[in-house]
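Here is a short report on a protein model. Read it alongside the sequence and the 3D view.

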Amino acid sequence: MYRNFLGEFEELILLTVALLNGEGYGARIVEELAGQTGRKAALSAVHISLYRLEDKGLVRSHLGGAVPERGGRSKRFYTITTDGMETLRSMRDVRQSLWKLIPSM
Amino acid sequence: MQERKNNPPLWLRFLLRCRLNEQAHDEVEGDLQELYDVYAKEQGKLKAGWWYAKQVIGFLRPLPTRMTRRYKSQKKLSHHQRIINSSYINPLDMISNFLKISWRRFKHGKGFSMINSMGLSIALTAALLILMWIRYEWNFDSFHKNKDRLYQVYGLTAAGNGESQAIPAVPEPLGPLVERQFAEAEATARVKSYDGFLFRVADRSFTGIKGAWVDPAFLDMFSFPLMQGDGNRALRQAEAILITGSMAKRLFGNDNALGRTIRIDSNSQAIVTGILKDFPRDSRFQFEFLLPWSHFERLAGGGSTGAEAWLRNNTTTFVQLRPDAALASFNTKIRNLSRVNAGRNDIWTHFLFPLRQWHLYTEFENGEPSGGLINMIRIFGLIAGFIVLIACINFMNLSTARSEKRAKEIGVRKTAGASRYALMGQFLTEAWLTVSVSAVLSLGITILVLPYFNSLMDASLSIPFGEWRFWILLIAFVSFTALLAGCYPAFYLSAFKPTGIFRKQFRKQTASITPRQVMVVTQFSIAIVLIIATLVIREQVDFAQSRDRGYSDKNLIRVDFLGDIEKNYPLIRQELLNSGTAISVSKTLSGFTNGGARSWGFRWKAENPKDTNTAISMFSADADMVKTAGLQLLAGRDIDINHYSTDSSAVLINETAAKLMGFKDPVGQLLFQGAKRKAWTIVGVVKDFVSGSPFDLASPVVILGPDAWFSTMYIRLNPGQSTTAALEKSAGVFKKYNPAYPFAYNFVDREYAQQFVEEQKIKTMAGWFSVLAIAISCLGLFGLSAYLAEMRIKEIAVRKVLGASVISISRLLSINFLKLVAVAICISIPVAWIAMNKWLENYAYRTSLHWWIFAAAALLALAIAFTTVSFQSIKAALSNPTKSLHTE
């Protein structure tokens with residue numbers, strides 16, 4: 001199977017997209033990341049990662065309507081694809097199997 | 001959309017807008033706005049602003065192309081829309097692409113690029129030098145604080161016979177009178193320069209130092225700062241002298257010069273009351289010491305006033321007007337000062353000449369400044385422009401010629417959606433890159449040739465690297481040249497139709513005259529005009545130099561009266577003659593090359609009032625002047641006070657003077673001089689000789705007998721001796737009778753040659769420029785012919801295979817270029833003829849325009865062009881046809 005290698009930051013973004021369940025877009029993801037992990041990510045980094053993830057087929061996006069709070073700007077909502085879910089799962093599995101191998105102290 | 005209260009800085013938003021395509025920008029800005037509002041509420045506007053800036057900067061990193069490539073929407077675009085949309089190009093990316101492609105081009109066509117940048121950098125160097133020189137001359141004398149209020153008072157002779165003449169000197173009492181009488185005049189200063197003093201400090205003596213007597217206001221009017229001493233008082237003390245720093249060093253070494261005493265000649269002394277900073281080079285005054293005017297009056301035996309003093313224009317006088325004074329009304333007030341005070345209505349009037357024009361205008365026509373240095377500035381400015389134009393034409397020609405090779409590239413670019421503007425941008429970037437490389441090169445060349453140029457133009461130019469204005473000007477100049485050089489290829493090439501290019505039809509040129517031909521003709525026309533100009537200037541200078549002077553200047557030296565020479569003149573003369581050092585010695589009042597003293601004060605019998613307004617040049621003689629100077633006597637005899645005791649009031653006149661006075665038999669007639677009507681008897685007539693500028697026609701001359709005054713002497717050395725031996729012996733004689741001074745003499749032939757300095761300058765410059773023009777033109781022709789030979793390489797090969805000879809092929813390739821040069825010759829000859837006729841009109845004594853000058857220039861241009869072109873065409877004709885044919 002074709003395997004995607006994700007960087008740590010991309011993995012976090014992908015997880016956040018997954019947990020927002022189709023409601024995730026740039027600003028929301030930045031806020032969520034800050035809320036959940038305390039990490040202040042640059043918006044540019046988030047956007048670039050989202051585009052990359054989309055190129056790799058791990059997320060999908062669609063344009064939402066414009067809202068006045070955003071100065072009439074539209075949102076691009078991201079949803080995780082099955083490939084994305086698959087990748088997350090396999091990454092978690094690999095980690096867990098590695099964790100199990102660490103001798104307990 | 002509602003109006004928002006909190007908006008992040010506009011320029012940050014604009015930056016973002018440039019960086020991202022429409023879609024990505026929409027999302028990102030929305031996100032930023034949303035988060036900005038949150039931060040602004042939580043932490044204040046300022047912090048949120050900083051955060052916003054940081055985020056925007058984050059987007060300047062490399063981004064996925066999907067975020068930057070410009071599309072209107074993600075849906076599939078038709079071909080048409082794609083072409084329209086392609087004008088939304090990210091400018092940063094495009095410019096970096098332009099530069100990249102340009103650089104590759106530059107490296108790829110090394111030969112062409114070299115020709116281009118070499119021609120351009122030579123032209124830019126010429127232009128740079130000329131612009132620097134113009135700047136220098138333009139700002140001459142402009143360091144004075146009061147420069148806009150300073151004027152020199154001029155005299156203007158009454159318009160009698162012909163036009164009136166402007167005289168840069170006025171009567172001595174005029175300055176003080178103006179200051180007393182008119183409120184508009186804030187200050188006036190008279191300046192009389194002198195370099196004949198013998199200065200003595202302790203036992204050392206110094207001569208040949210140039211300085212001046214000035215009125216005390218001089219230092220208030222002109223900005224010559226003092227390093228030591230009080231500027232307000234220094235010149236107002238009796239027995240004061242101001243010296244410059246470098247003179248102080250020469251006289252006193254490293255000791256403090258202030259307060260020290262300098263003995264001047266044998267009869268006076270002065271105390272140094274101030275040390276001046278050295279006068280800057282771009283100053284009209286080049287003095288090393290200043291003495292108060294009172295010192296001059298003491299030497300001259302009291303200031304001259306009264307009606308008689310108003311009849312002599314002998315003092316340069318400067319006026320500083322009050323800031324609110326009106327020049328025109330003041331001019332009318334001083335106009336008739338001399339006439340009123342001298343009590344005569346037929347003498348000169350006065351006008352003020354502003355400082356701004358002193359250096360640029362030295363010639364006058366009926367009292368209006370008409371020319372001088374400004375002519376040279378105009379001519380050379382024009383020539384610099386033309387040379388840059390020639391180099392730009394090279395660039396255009398080579399780019400368009402190469403375009404045929406690049407046509408496919410352009411076709412591909414266009415079909416891939418490049419807009420015309422993008423292609424223009426590409427070509428202009430290429431031009432800009434080439435010009436920039438050339439500009440850097442030309443800065444280097446300028447540094448190398450600057451010392452030579454400085455000595456040629458007698459200027460002290462330096463590249464003002466430290467001045468920001470210079471860099472801005474340079475960049476503007478480069479951009480302008482790039483635009484000039486790049487605009488034609490940009491418009492011409494970008495207009496190609498892709499369909500035509502791929503059908504291979506575009507190469508056929510239907511127009512009978514192509515722009516390229518026009519440009520080659522232009523180039524060569526300019527070059528040929530410059531060649532003709534150089535030849536005419538050379539001819540004119542040679543013509544005046546080899547003019548029959550009317551006197552013989554071989555072995556003739558002139559010694560100015562300094563110290564005791566005048567007193568001991570009879571003894572010196574006798575000893576020089578007795579020892580066989582000299583064959584003839586005479587004294588006179590002024591050197592021949594100085595033009596004598598101009599006088600309007602002569603009257604004669606049956607005079608015509610029109611003629612008495614003509615200036616007559618005065619010289620004087622004691623005896624043997626005809627023999628000493630080698631003049632030719634036409635009638636009568638020489639003045640000789642040693643044989644005829646009545647000769648103290650004898651006078652010699654020249655042919656022109658005899659004609660002016662209308663005497664049938666001049667010998668024995670009387671001339672009356674001045675208000676006292678002193679009578680002079682004409683004893684002889686001499687042939688016209690050149691007095692003053694060798695470019696002027698002979699002027700009327702009188703040589704007065706010993707009743708006149710004297711200031712210099714001529715010595716004709718014995719030709720039987722070597723010049724060095726004769727000079728050594730003379731030095732001995734002068735040492736004996738004038739021990740305080742070193743023996744200083746001038747060779748008259750060298751003094752004569754000195755008068756051609758300005759013309760020699762023009763000659764050298766014009767020569768260089770015509771060499772440059774023809775060289776740059778040929779450089780272009782070389783590239784063009786190489787290119788066209790390469791284009792026709794298959795045709796040449798086929799012709800050779802079919803039996804064409806090398807000669808016929810080279811003729812085929814060269815003839816078209818030579819035709820263009822021939823057209824250029826036809827255009828340039830009338831232009832040059834008109835221009836050079838106009839130039840020659842500046843000179844009263846001038847050569848005519850010989851036909852051979854034009855023929856020579858035409859032949860030269862043809863020969864050079866032929867050599868250039870035939871080098872390429874013979875190379876092409878000799879090439880092996882199998883090599884060029886087997887590629888297909």
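Phe222(B) touches His144(B), Leu150(B), Phe285(B), Phe318(B), Leu355(B) and Trp358(B), leaving out residues up to four places away in sequence. Contact here means heavy atoms within 4.5 Å. Phe222(B) also belongs to the largest nonpolar core, which has 149 residues. Trp133(B), Phe218(B), Phe222(B) and Leu290(B) have the most contacts inside this core. Helix H15 (residues 373–415) of chain B supplies its largest share, 17 residues. Apart from this core lies another, of 45 residues, among them Ile80(A), Val28(B), Ala40(B) and Ala48(B).

A nonpolar core is a set of buried Ala, Val, Leu, Ile, Met, Phe, Trp, Tyr and Cys residues joined through side-chain atoms within 4.5 Å. Buried means under 20% relative accessible area, exposed over 50%, and partly exposed in between, with a 1.4 Å probe and protein chains only. In soluble globular proteins, nonpolar side chains tend to be buried together.

## Basis of the model

This is a predicted model: local features need pLDDT of at least 70, side-chain atom pairs count only at pLDDT 80 or more, and totals for chains, interfaces and linings use all residues. Residues are numbered from 1 along each chain as its sequence is written, chains are lettered from A and ligands numbered from 1 in the order in which they are written, and side-chain values use heavy atoms, without hydrogens or water.

## Chain B overall

Chain B has 29 helices and 27 strands. Helices (H or I, at least four residues) and strands (E, at least two) are DSSP runs, numbered from the N terminus. Of the 888 residues in chain B, 50% are buried. Among contacts in chain B with a separation of 6 or more, 78% link residues 24 or more positions apart.

Chain B exposes about 42200 Å², and carbon and sulfur atoms supply 59% of that area. Accessible areas come from the Shrake-Rupley method with a 1.4 Å probe; for residues, only the protein chains shown count as cover.

## A four-stranded sheet

An open sheet of 4 strands runs in the order S17-S26-S16-S27 (chain B), with antiparallel pairing. Strands S17 (582–588) and S27 (746–747) of chain B stand at the edges with a single partner strand each, so one side of each has no neighbour in the sheet. Two strands pair if DSSP finds at least two bridges between them. S17(B) and S26(B) (residues 712–717) are antiparallel and joined by 6 bridges. Ser586(B) has Tyr714(B) in S26(B) as its bridge partner. Helix H20 (residues 569–578) of chain B packs on the sheet and touches S17 and S26 of chain B. The direction of H20(B) makes about 160° with that of S17(B). Axes are lines fitted to C-alpha atoms, for helices over the stretch in contact, and angles run from 0 to 180 degrees between N-to-C directions.

S16(B) and S26(B) are also antiparallel, with 5 bridges. Here Asp560(B) has Thr712(B) in S26(B) as its bridge partner. Helix H23 (residues 723–737) of chain B lies across S16 (556–560), S26 and S27 of chain B, at about 140° to S26(B). How many residues of S26(B) are buried? The count is 6 of the 6, so S26(B) is largely enclosed by the rest of the structure. Thr712(B), Tyr714(B) and Arg716(B) point one way, while Met713(B), Ile715(B) and Leu717(B) point the other way. In a regular strand the side chains alternate between the two faces of the sheet.

## Cysteines

The structure holds 0 disulfides over all chains. A disulfide is a pair of cysteine sulfur atoms within 2.5 Å. Cys778(B) is buried, at 7% relative accessible area. Cys826(B) is exposed, at 57%.

Ala797(B) sits in helix H26 (residues 793–801) of chain B. Ala797(B) is buried, with a relative accessible area of 2%. Beyond its neighbours within four places in sequence, Ala797(B) contacts Pro881(B), Ser884(B) and Leu885(B). Ala876(B) is 79 residues from Ala797(B) along the chain, and their C-alpha atoms are separated by 9.1 Å.

Asp141(B) is not a glycine, yet has a positive phi of about 65°. Asp141(B) lies in the loop between helix H7 (110–138) and strand S1 (150–156) of chain B, and is buried at 1% relative accessible area. Ala202(B) also has a positive phi, near 50°. Ala202(B) lies in the loop between strands S4 (199–201) and S5 (204–206) of chain B, and is exposed at 65% relative accessibility.
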